[in-house]
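Visitor: I'd like a close look at one part of this structure, the aromatic pairs and the contacts around them. Could you walk me through that slowly?

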Amino acid sequence: MKNLNTSVLAIAIGLVLSTGALADAMSKKQYKSLDKSIDAQYKAAKKSCDSLSGNAEDICEAEAKGTRNTAKAELKYNYNPTNKALYKARTAKAEATYAVANQKCDDQEGNAEDVCEQEAKAAKVQEVAAAEAQMKTSKADTVAIEKSSDARKDAESDMRDANYAVAKQKCEALEGKAEDLCMSDAKARFHRE
């Protein structure tokens, strides 16, 4: 029953978030409404954990809290899709997965429990590292795009200068009013004063 409640909660939150993600832009009102919905679903999931006891209750509460924290981080990302918000959403999911896995390890004893905890921690570290790598890669891509754009602008400016020099040289072969008209046209075409 506990897994069913958690699954239903996760599906409901996913549907709420996917609806928001499909919209062009989420309004502040929609954001607040979805945030309240996540809180309400969390309270309901947490309340369903009260019927359990011992470690089963701890696991249920960890699942409910993790689902809430992940949903809130994803909601923030959908509302304001930045690299930092995506990183926080991914790390929230890694933290949630770790918390549940760590609680499940409590059902074991001795070396098996220690191994379980180390595996859970390693999985979390891998997910956080992957999220960090993605964020750094995105930042590097942004810098590279900006540099490429600057280089393109410089190249366009250099080409315009070279083409203006050619047009100016051609105009110098003319005389009088024809030369003046040619120079006026060249300055207009190549944005010169």
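Guide: Let's start with Tyr31, which counts as buried because its relative accessibility is 15%, below the 20% cut-off. Keep in mind as we go that this is a predicted model. Tyr79 is partly exposed, with a relative accessible area of 31%.

Now to the rings themselves. The count comes to 2 aromatic pairs. In one of them, the ring centres of Tyr31 and Tyr79 are 4.6 Å apart and the planes meet at 35°, so the pair is tilted. This pair links distant parts of the chain, with Tyr31 in helix H2 and Tyr79 in helix H3 (residues 54-79), 48 residues apart.

Tyr164 and Phe190 also form an aromatic pair, this one edge-to-face, with 6.3 Å from centre to centre and 65° between the planes. Here too distant parts of the chain are linked: Tyr164 sits in helix H5 (residues 110-172) and Phe190 in the segment after helix H6 (176-189), 26 residues apart. Tyr164 counts as buried at 12% relative accessibility, and Phe190 counts as buried at 11%.

Helices H2 and H3 are also linked by charge. Lys46 in helix H2 and Glu61 in helix H3 are 15 residues apart, and their side chains meet in a salt bridge of 3.9 Å, N to O. Lys46 is partly exposed, with a relative accessible area of 32%, and Glu61 counts as partly exposed at 23%. Lys43 lies in helix H2 as well, which spans residues 28-49. At 60% relative accessibility, Lys43 counts as exposed. The C-alpha atoms of Lys43 and Ala64 are 8.4 Å apart, although 21 residues separate the two in sequence.

The side chains of Arg192 and Asp161 meet in a salt bridge of 2.2 Å, N to O. Arg192 belongs to that segment and Asp161 to helix H5, 31 residues apart. Arg192 is partly exposed, with a relative accessible area of 26%, and Asp161 counts as partly exposed at 36%.

Terms used. Residues are numbered from 1 along each chain as its sequence is written. This is a predicted model: local features need pLDDT of at least 70, side-chain atom pairs count only at pLDDT 80 or more; totals for chains, interfaces and linings use all residues. Side-chain values use heavy atoms; hydrogens and water are left out. Helices (H or I, at least four residues) and strands (E, at least two) are DSSP runs, numbered from the N terminus. Buried means under 20% relative accessible area, exposed over 50%, partly exposed in between (1.4 Å probe, protein chains only). Rings of Phe, Tyr and Trp (its six-membered ring) pair if their centres lie within 6.5 Å; planes under 30 degrees apart count as stacked, over 60 as edge-to-face and the rest as tilted. A salt bridge is a side-chain nitrogen of Lys or Arg within 4 Å of a carboxyl oxygen of Asp or Glu.
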